Amino acid sequence: MNNEILVTRSSMPSMDEYIDEIKELWDTRWITNMGEKHKELQRKLIEYLKVENVDLLTNGHMALELTLQALNLSGEVITTPFTFASTTHAIVRNGLTPVFCDINPYDFTLDVTKLESLITDKTSAIVPVHVYGNICNIEEIERISHKYDLRVIYDAAHTFGERYKGRGIGSFGDASCFSFHATKVFNTIEGGAVCYRDKELGEKLYNLKNFGIRGPETVESVGANAKMNEFSAAMGICNLRYVDADIEKRKKIVEHYRERLTNIEGIQLNSIQDNVESNYAYFPVIFDEKTFCYSRNEVADRLAEQGIFTRKYFYPLTNTFDCFHGKFDANKTPVALHIAKRVLTLPLYAELSIEDVDRICDLIINMN
Ligand code: T4K
């Protein structure tokens, strides 16, 4: 065991607890294709997430990509470039054109004041991202989407278990897509889920995740394979028992970071949102090289020299990726460009000790 601190660290149950959970799989030999563990996790998540329907998939990316496909979208989709590759790729891989909307400088979600000006007669949907667990301006997105009859598919990869005004975050929009990757607040090793209201959408999605097979001799649509297996579902069942305790630990860590890093010249923290029960997924810090003595990159390098490995989530912006060379103009999303060059996400996971948080904060504060 070394002294290194990585940006995150997977939550896991004890080995005994997991083994206990998967033991019956050796008896039944039913290890994938919507088995008992899959069904149990699905039931438990409907309750925990406070939503009407949940479907489980192999990962958050397939959740998003197949939901967009199930909705039969066409033309343009308005989204944010300040996100993980997955969001933009899911749109492009569906043959749709992403139209990038800028973000606001406070919580880094879509700047809804710029949304309407991007809508054309080709726009079919909006894919907002609750980035870092910060909730988008749901009311405004709802108003605009109703006005122009657009579908709304939230990338909720970072928002497991969050509530907005007491409602499960997955209950907004046409669908919300969660990631249960190893690095997330709640993990099924790899995994993802879609929350939705419309049963017809649910059926299409179910078809798409299972080759379009409806019966032994019926293949209804051209589907993919994105089913969650039983070992992943079992990990989810175990991890769900501890997720509230984990979120409580994360809260204490974030509060300590905030206490130590507030009111330091050159450091900006994202604003705390009203009416949101947060899951404390990430801790982003903006370093302004004009007023802080070092740039974001220098801070990251100096911390790495001390064995502390941060991440530049989300740099580069997706509209500057090599694979899209010449297709988009990132200057049209200036706030996102500004933030992406200055943001650093600090280590955050349930097991991170307050002593380690202090060590990280001391190093940062003493740079100034
Ligand atoms: N939408 C958004 C907004 C997303 O952020 C993501 C995923 C998605 C959609 C798609 O969901 P998934 O299809 O992934 O379910 C990581 C994750 O792989 C990715 O899930 C996540 N977002 C993204 C923000 O972060 P990397 O390339 O930074 O991961 P990696 O392997 O460098 O790991 C980061 C740190 O996590 C390591 O330094 C240590 C720790 N770690 C990692 C792994 C793999 C663990 O503790 N355990 C592990 O098993 O992308």
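Which handedness, right-handed or left-handed, does the crossing of helix 1 and helix 7 have? The legends below take up this crossing and then other close-up views of the structure, which is a predicted model.

**View 1. The crossing of helix 1 and helix 7.** Helix 1, made of residues 15–28, and helix 7, made of residues 230–240, have axes that come within 9 Å and that cross at roughly 145 degrees. The crossing of these two helices is right-handed, which settles the opening question. On the side of helix 1, the residues that make the contact are Glu 17, Tyr 18, Glu 21, Ile 22, Leu 25 and Trp 26, and on the side of helix 7 they are Glu 230, Phe 231, Ala 234, Met 235, Ile 237 and Cys 238. Sorted by class, this contact of helix 1 with helix 7 holds nine nonpolar and three charged residues, with no polar residues.

**View 2. The packing of helix 8 against helix 11.** Helix 8 (residues 243–261) and helix 11 (residues 354–367) have their axes 10 Å apart, and the angle at which they pack is about 25 degrees. Angles under 35 degrees count as roughly parallel, and the angle here therefore makes helix 8 roughly parallel to helix 11. Helix 8 passes helix 11 in a crossing that is right-handed. The contact involves Lys 252, Ile 253, His 256, Tyr 257, Arg 260 and Leu 261 from helix 8, while helix 11 brings Ile 354, Val 357, Asp 358, Ile 360, Cys 361, Asp 362, Ile 364 and Ile 365. By class, nine nonpolar residues, one polar residue and four charged residues take part in this contact of helix 8 with helix 11.

**View 3. Helix 3 beside helix 4.** The axes of helix 3 (residues 60–70) and helix 4 (residues 85–92) are 9 Å apart, and the two helices pack at an angle of about 30 degrees. Helix 3 and helix 4 are therefore roughly parallel to each other, and their crossing is right-handed. In helix 3, the residues His 61, Leu 64, Glu 65 and Leu 68 meet Ser 86, Thr 87, His 89, Ala 90 and Ile 91 of helix 4. The classes in this contact of helix 3 with helix 4 are four nonpolar, four polar and one charged.

View 4. For Ser 179, a polar side-chain atom lies 2.7 Å from an oxygen atom of the ligand. Backbone atoms can be picked out as well: a polar backbone atom of Gly 60 is 2.8 Å from an oxygen atom of the ligand, and a polar backbone atom of His 61 is 2.9 Å from an oxygen atom of the ligand.

View 5. The peptide bond that runs from Tyr 313 to Phe 314 is cis, and its omega is near 10 degrees. Phe 314 has its place in the loop between helix 9 (296–305) and helix 10 (334–342). Tyr 315 and Pro 316 are also joined by a cis peptide bond, with omega about 0 degrees, and Pro 316 is found in the loop between helix 9 and helix 10.

**View 6. The backbone at Tyr 132.** Tyr 132 lies in the loop that falls between strand 4 (123–127) and helix 5 (138–148). The phi angle of Tyr 132 is near 65 degrees, which is a positive value in a residue other than glycine.

Technical notes: Residues are numbered from 1 along each chain as its sequence is written. This is a predicted model: local features need pLDDT of at least 70, side-chain atom pairs count only at pLDDT 80 or more; totals for chains, interfaces and linings use all residues. Side-chain values use heavy atoms; hydrogens and water are left out. Axes are lines fitted to C-alpha atoms, for helices over the stretch in contact, and angles run from 0 to 180 degrees between N-to-C directions. Helices (H or I, at least four residues) and strands (E, at least two) are DSSP runs, numbered from the N terminus. Angles under 35 degrees count as roughly parallel, over 145 as roughly antiparallel, 65 to 115 as roughly perpendicular and the rest as oblique. A crossing is left-handed if the near helix is turned anticlockwise from the far one by less than a right angle, and right-handed if clockwise. Contact means heavy atoms within 4.5 Å. Ala, Val, Leu, Ile, Met, Phe, Trp, Tyr, Cys and Pro count as nonpolar, Asp, Glu, Lys and Arg as charged, and the others, Gly among them, as polar. A polar contact is a pair of N or O atoms within 3.5 Å; within protein, one must be able to donate a hydrogen and the other to accept it, and residues adjacent in sequence count only if both atoms are side-chain atoms.
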